[in-house]
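Good morning, and thank you for coming.

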Amino acid sequence: METSRERYIPALGYRFLSPVYDPVVSLTCREKTFKSRLLNQADLRHGHLVLDVGCGTGTLAVQMKKAVPKAEIVCIDGDLQILSIARGKAGRNNTEVRFSCCFSTQLPFRESSFDRAVSSLFFHHLSRTQKIATMQEIHRILKPGGQLHVADWGKPTGMIMRSLFYFIQILDGFSTTSDNVKGLLPQIIRQCGFDSVEICNNLPTIFGTMTLYSAIKPGPAKV
Ligand SMILES: C[S@@+](CC[C@H](N)C(=O)[O-])C[C@H]1O[C@@H](n2cnc3c(N)ncnc32)[C@H](O)[C@@H]1O
């Protein structure tokens, strides 16, 4: 669970489960639906520089590159094992995507350089301190007017959704997931300097409520 000096939670909670990540997520999380909606709301354009934070096996990255071939897609993840799965997937799909192994709390990119930052199923892997540090880093690397689009577990829309989410909490831990259940992500995003923070969608899944968020780094114009 430890690489460099930073701890991280692997894709399915344990490294030995990473090879089955794709089928599990595809069968249980309405992955096609929520990733397509995230892609639509991100409104990617030719020439955009896009960062996928906590890219995992690269499904969203490949989807983005196929949808907008002239956008440049850069992905980061802290886990070398999952990145090798992602590189394989990008290769098989003939998509050119850049992958970098690093932690989200220290992004190796220039400030104000990206048009979009996207992230899916990622923030519930981070402690409150890591969530804030990551959000500040995303804010730093986005251009003024640049947009953030996130899909992650959100505040459950009812008792059934709440109960189902205990499976995820047992797998990924209670401390990192409790901000999600309490619906605190919008507040954290705002606290890190973003404007126009919105909940764009709530989708029921068999593991709980999947929520899509958007936000803008304040600036002269949307990019
Ligand atoms: C549940 S997976 C999500 C993968 C992908 N975004 C998706 O939608 O399927 C979470 C990923 O976050 C990565 N991760 C966890 N903490 C991290 C950190 N601090 N910095 C970078 N990556 C991290 C894990 O290695 C894992 O691949």
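I begin with the largest pocket, whose lining divides into 12 nonpolar, 3 polar and 1 charged residues. Here Ala, Val, Leu, Ile, Met, Phe, Trp, Tyr, Cys and Pro count as nonpolar, Asp, Glu, Lys and Arg as charged, and the others, Gly among them, as polar.

The model is predicted: local features need pLDDT of at least 70, side-chain atom pairs count only at pLDDT 80 or more, and totals for chains, interfaces and linings use all residues. Residues are numbered from 1 along each chain as its sequence is written, and side-chain values use heavy atoms, without hydrogens and water.

A pocket is an open set of points on a 1 Å grid over the protein atoms alone, where a 1.4 Å probe fits, with protein on both sides within 12 Å along at least five of seven lines; lining residues have an atom within 4 Å of a point. The largest pocket holds about 180 Å³ of space. It is lined by 16 residues, and L12, I168, L171, D172 and F207 are the closest to its centre. Helices α1 (21-28) and α6 (159-172) each supply at least two lining residues.

I turn now to the ligand. Its surroundings comprise 20 residues, with Y21, K35, G54, D77 and S120 the closest; a residue counts if one of its heavy atoms lies within 4 Å. By class, this shell has 11 nonpolar, 6 polar and 3 charged residues.

Which ligand atom is 2.6 Å from an N or O atom in the side chain of D77? That atom is an oxygen.

Methods. A polar contact is a pair of N or O atoms within 3.5 Å; within protein, one must be able to donate a hydrogen and the other to accept it, and residues adjacent in sequence count only if both atoms are side-chain atoms. Grid points are joined across faces, edges and corners, and a volume is the space filled by probe spheres set on the points. Helices (H or I, at least four residues) and strands (E, at least two) are DSSP runs, numbered from the N terminus.
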